[in-house]
Amino acid sequence: MIRNTLAKAISLAIAGGAITLAGVSNASASTTMYNTNKPITNGNPTDAAALSTDGWTRNNNGTNTGTPLPWLGTVGAVRPFGYEGLSIANWAAHVTAAGDSLEISQADAATRYGTAWGPVAGTSYLANIDTAKGAWFDGSTGWAHNTDIGLFKSDVTTEVSIRLTPLFNVSEPDKSWSNFGVTVFTGMDTDTSKATTPNYSHHAGWNETSFTADNPMGTTGLTYLTHDATVDATNALVFTAVAGQVYSIYLGGNSGEGNFNPHAGYRLNLSTAAPVPLPGAVWLFGSALVGLLGFGKRNSSKFSR
């Protein structure tokens, strides 16, 4: 009985280790993905300049109807994570292993996918990754026009940290701000018809009365999780991502008046907590079990004589 029990315990321990190792070795690399809507010409990097909303997922923009726009970094250029909603989506990030880090920026998009993409062949474009000084909150309200929205998913349950750095174009007159607001929602917009109410509107304010409301800007299917009004290159918003769950990340400047202007590009650094190493005591315990199994086998042979 003892021998069988010990053998089962050792088998389970070994199997668990094998499963963990297999999960690590077989995982695909963590990656970032970008919407190709309204790219910026390479003559004006890090600043969209125009005040129109970017991040539409279909080619009719304001009505967000028509043919889905291609994405960079997804299989078949489809929208990431099966997203079908009306809300804009500027970028997406997929983490496959705890401890991985990713960057969202024009530079990252160019490094991964090149800059020669966009509506006009042969013209060099950059991903439209930008926001405005008070887009998330300008002291009285935020504004959908310049709030960027990203989708995030992790294959493992892990702690996620988000930090943001503004990237100013040389011609931008106001380079004084560096503080961002970030809100994380569980889920992604599931509203697919303009005939439904509510539905996403880029002519919408938010954060006027509450920083914790579900379904901002007329979306459907978003549940408030957390927010931080003090995110910058040092101070991080931190949340726990559950394996397999998609999150929507709403971000914009929180540096005072100016929910339309001034603009700036940004670099978002996303890091996850490294996996906890298996304690040496566990391996010692396994060795002890093996020793006990051998001892039990010898005693069993002795008493059977």
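Which polar side chain has an atom that lies 2.4 Å from the backbone oxygen of Ser28? The second view below gives the answer. The model is predicted: local features need pLDDT of at least 70, side-chain atom pairs count only at pLDDT 80 or more, and totals for chains, interfaces and linings use all residues. Residues are numbered from 1 along each chain as its sequence is written, and side-chain values use heavy atoms, with hydrogens and water left out.

**View 1. An open sheet of 7 strands.** The strand order is β3-β1-β4-β9-β15-β11-β13, and the pairing is mixed. β3 (71–72) and β13 (223–231) stand at the edges with a single partner strand each, so one side of each has no neighbour in the sheet. Strands are DSSP runs of E with at least two residues, helices are runs of H or I with at least four, and both are numbered from the N terminus. Two strands pair if DSSP finds at least two bridges between them.

**View 2. Thr96 and Ser28.** Thr96 sits in the loop between β4 (91–95) and β5 (101–104). A polar atom of the Thr96 side chain lies 2.4 Å from the backbone oxygen of Ser28. Thr96 has 7% relative accessibility, so it counts as buried (buried is under 20% relative accessible area, exposed over 50%, partly exposed in between, with a 1.4 Å probe and protein chains only).

**View 3. Strands β9 and β15.** β9 (residues 148–154) and β15 (residues 246–253) pair in the antiparallel sense over 6 bridges. Leu151 has Ser248 in β15 as its bridge partner.

**View 4. Helix α2 across two strands.** α2 (residues 106–113) lies across β1 (31–35) and β3, and runs at about 105° to β1. Axes are lines fitted to C-alpha atoms, for helices over the stretch in contact; angles run from 0 to 180 degrees between N-to-C directions. Just after α2, Gly114 takes a positive phi of about 80°.

**View 5. The buried residues of α2.** They are Gln106, Asp108 and Ala109. Seen down the axis of α2, they fall within an arc of 160°, so they line one face of the helix. The arc is taken from the directions from the helix axis to the C-beta atoms. Their cover includes β1, β2 (40–41), β5 and β6 (125–126); contact means heavy atoms within 4.5 Å.

**View 6. Gln106 and Ala127.** Gln106 lies in α2. Its relative accessibility is 9%, so Gln106 counts as buried. Gln106 and Ala127 are 21 residues apart in sequence, yet 5.2 Å apart in space, C-alpha to C-alpha. The Gln106 side chain reaches the backbone oxygen of Ala127 at 3.1 Å.

How values were computed:
A polar contact is a pair of N or O atoms within 3.5 Å; within protein, one must be able to donate a hydrogen and the other to accept it, and residues adjacent in sequence count only if both atoms are side-chain atoms.
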